[in-house]
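Here are my notes on the model, point by point. Please read them with the structure open.

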Amino acid sequence: AAMKKPPLTFVSVNLNGLNQRLVGPQCEEDTASLIRMIKENKADMVAIQEAKLRAHCNKSAEKDKEAPRDRSKLNTNDKLSCKEEEAFNRMMAKLDEYKAYPSLANTRYAGSVLLIRKDVAKPSK
């Protein structure tokens, strides 16, 4: 296997709502613009703040803000969340050189997504 390189470039972007760029009124243009920015910068790591995508939980925990959630997965318990997940997966298919590491919130208020190039070594600690 080829030796993976250490991460050298890092881009941080506050989108004030990745969710809006995925499923909002100008989603095709917004998503294309985000993909273009990521590809043009050729960053080893891209931090997206304020993703505003909800963390996954079981259906019975939907109304309970304290219920355990899987913060590494998008929620799929309602139509909007399913639409966001489908759009996120389409975006990531176009960014296939990256792996996404979401850290999502209980509500559509916060959360982040870290994209790491697949040819970059993972941190050892």
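1. Which residue caps the N-terminal end of helix 3? Asp78 does: one of its side-chain oxygens lies 3.1 Å from the backbone nitrogen of Leu80. For reference, a polar contact is a pair of N or O atoms within 3.5 Å; within protein, one must be able to donate a hydrogen and the other to accept it, and residues adjacent in sequence count only if both atoms are side-chain atoms.

2. A word on the basis. This is a predicted model, in which local features need pLDDT of at least 70 and side-chain atom pairs count only at pLDDT 80 or more, while totals for chains, interfaces and linings use all residues. Residues are numbered from 1 along each chain as its sequence is written, and side-chain values use heavy atoms, with hydrogens and water left out.

3. Overall layout. The protein has 3 helices and 6 strands. Along the sequence they follow the pattern β-α-α-β-β-β-α-β-β. Helices (H or I, at least four residues) and strands (E, at least two) are DSSP runs, numbered from the N terminus.

4. Of the 125 residues in the protein, 40% are buried. Buried means under 20% relative accessible area, exposed over 50%, and partly exposed in between (1.4 Å probe, protein chains only). Take the contacts (heavy atoms within 4.5 Å) with a separation of 6 or more: residues 24 or more positions apart account for 63% of them. The accessible surface comes to about 7800 Å², and 53% of it belongs to carbon and sulfur atoms. Areas come from the Shrake-Rupley method with a 1.4 Å probe; for residues, only the protein chains shown count as cover.

5. Helix 3. Its 16 residues (79-94) should span 22 Å at 1.5 Å a residue, and the end C-alpha atoms are 23 Å apart, which agrees. The expected span is 1.5 Å times one less than the number of residues. Ser81, Glu84, Ala87, Phe88, Met91 and Met92 are buried. They cover an arc of only 140° around the axis, which puts them on the same side of helix 3. The arc is that of the directions from the helix axis to the C-beta atoms. Lys79, Arg90, Ala93 and Lys94 are exposed on the other side. Cover for the buried residues includes helix 1 (18-23), helix 2 (27-41), strand 4 (70-74), strand 5 (98-103) and strand 6 (112-117).

6. Helix 2. It has 15 residues and reaches 21 Å from first C-alpha to last, close to the 21 Å expected. Its buried residues are Thr31, Leu34, Ile35 and Ile38. These fall within an arc of 95° seen down the axis, so they line one face of helix 2. Glu29 and Glu40 are exposed on the other side. The buried residues pack against helix 1, strand 2, helix 3, strand 5 and strand 6.

7. Backbone points to check. Most residues other than glycine have a negative phi. Glu50 has a positive phi of about 55°, and Lys52 has one near 55°. Glu50 lies in the loop between strand 2 (45-49) and strand 3 (55-56); Lys52 lies in the loop between strand 2 and strand 3. Glu50 is partly exposed at 28% relative accessibility, whereas Lys52 is buried at 16%.

8. Cysteines. How many disulfides does a search of the whole structure find? The count is 0, with a disulfide taken as a pair of cysteine sulfur atoms within 2.5 Å. Cys27 is partly exposed, with a relative accessible area of 22%. Cys82 is partly exposed, at 27%.
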